[in-house]
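Hi everyone, thanks for coming. Let's bring the structure up on the screen and walk through it together.

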Amino acid sequence: MTQTVQTPSHYWLDPKACPVPAGKVVCVGRNYVAHAQELGHAVPDRPLLFMKPREAIRRFDEGIDWPEQEGCCHHETELTVLVGAPLCKANAEQARDAVAGIGVGLDLTLRDLQDRLKKAGHPWERAKAFDGSAVLSPFIPVSDVNPDWQSLKFGLIVNGMPRQSGDARLMLTPIIVLLVEISAVFTLMPGDVVMTGTPEGVAALQHGDQLELQLDRRSFRTWVRQP
Ligand code: ZN
């Protein structure tokens, strides 16, 4: 039997903005000291990178789920960067010019499974790159975002209670440098997304949780689906 597969696409806060095809998602691990410490990790000496495939992308308005047989699923609330032009071995100026939009998202992580994979020295993809693991807000065009991206604040409220609070100034590697570093390894194409790492406060999601993600003065809602 063949299954219908929907091709993920990005969406914008301003519905008149151009659609962009969805691409790969490049994620940054341990980009905030306090989060590295809460999981008992050393701070890496250069950005820790991993990827999610295009099919991992899920829109906020579709709700959240995960393969429950694998144990608990943690939220990691992250600033997201939408790439709008090809970047290959880019310099800082090229990197800055290539950013099309900024958003906020959840890097969903099957933490029990990831701990087992890490212990065994195995890759993380089963825990980090499953379908629906990159939950992305609509993107705000860069023209509507404070141009000092490192001054952006973001956060997660779960069932009305503050859960994570992020300040881009605390990133170990700032956004432009991340794009330069990433593009030295992986060519970035229009529609690719960079998830820039989570601050501390990661925790398990529960069925029915109502989530509000904040980015500066904007907020976006999603929820955990019932089984
Ligand atoms: Zn993350």
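This is a predicted model: local features need pLDDT of at least 70, side-chain atom pairs count only at pLDDT 80 or more; totals for chains, interfaces and linings use all residues.

Residues are numbered from 1 along each chain as its sequence is written, and side-chain values use heavy atoms, with hydrogens and water left out.

So, strand β6, residues 99-107. Strands here are DSSP runs of E, at least two residues, numbered from the N terminus. Is β6 buried or exposed? Eight of its nine residues are buried, so β6 is largely enclosed by the rest of the structure. Buried means under 20% relative accessible area, with a 1.4 Å probe and protein chains only.

Now its neighbours; two strands pair if DSSP finds at least two bridges between them. Strand β5, residues 77-83, runs antiparallel to β6, with seven bridges joining them; Glu78 has Gly105 in β6 as its bridge partner. Strand β8, residues 134-136, is also antiparallel to β6, over three bridges, and there Asp107 partners Ala134. Strand β9, residues 140-141, joins β6 through two bridges, again antiparallel, and Ile102 stands opposite Ile140.

Finally, the largest pocket: its volume is about 360 Å³. Of the 13 residues that line this pocket, the closest to its centre are Gln6, Pro8, Glu55, Ile57 and Glu62. On a 1 Å grid over the protein atoms alone, a pocket is an open set of points where a 1.4 Å probe fits, with protein on both sides within 12 Å along at least five of seven lines, and lining residues have an atom within 4 Å of a point. The volume is the space filled by probe spheres set on the points, which are joined across faces, edges and corners.

Conventions. Buried means under 20% relative accessible area, exposed over 50%, partly exposed in between (1.4 Å probe, protein chains only). Helices (H or I, at least four residues) and strands (E, at least two) are DSSP runs, numbered from the N terminus.
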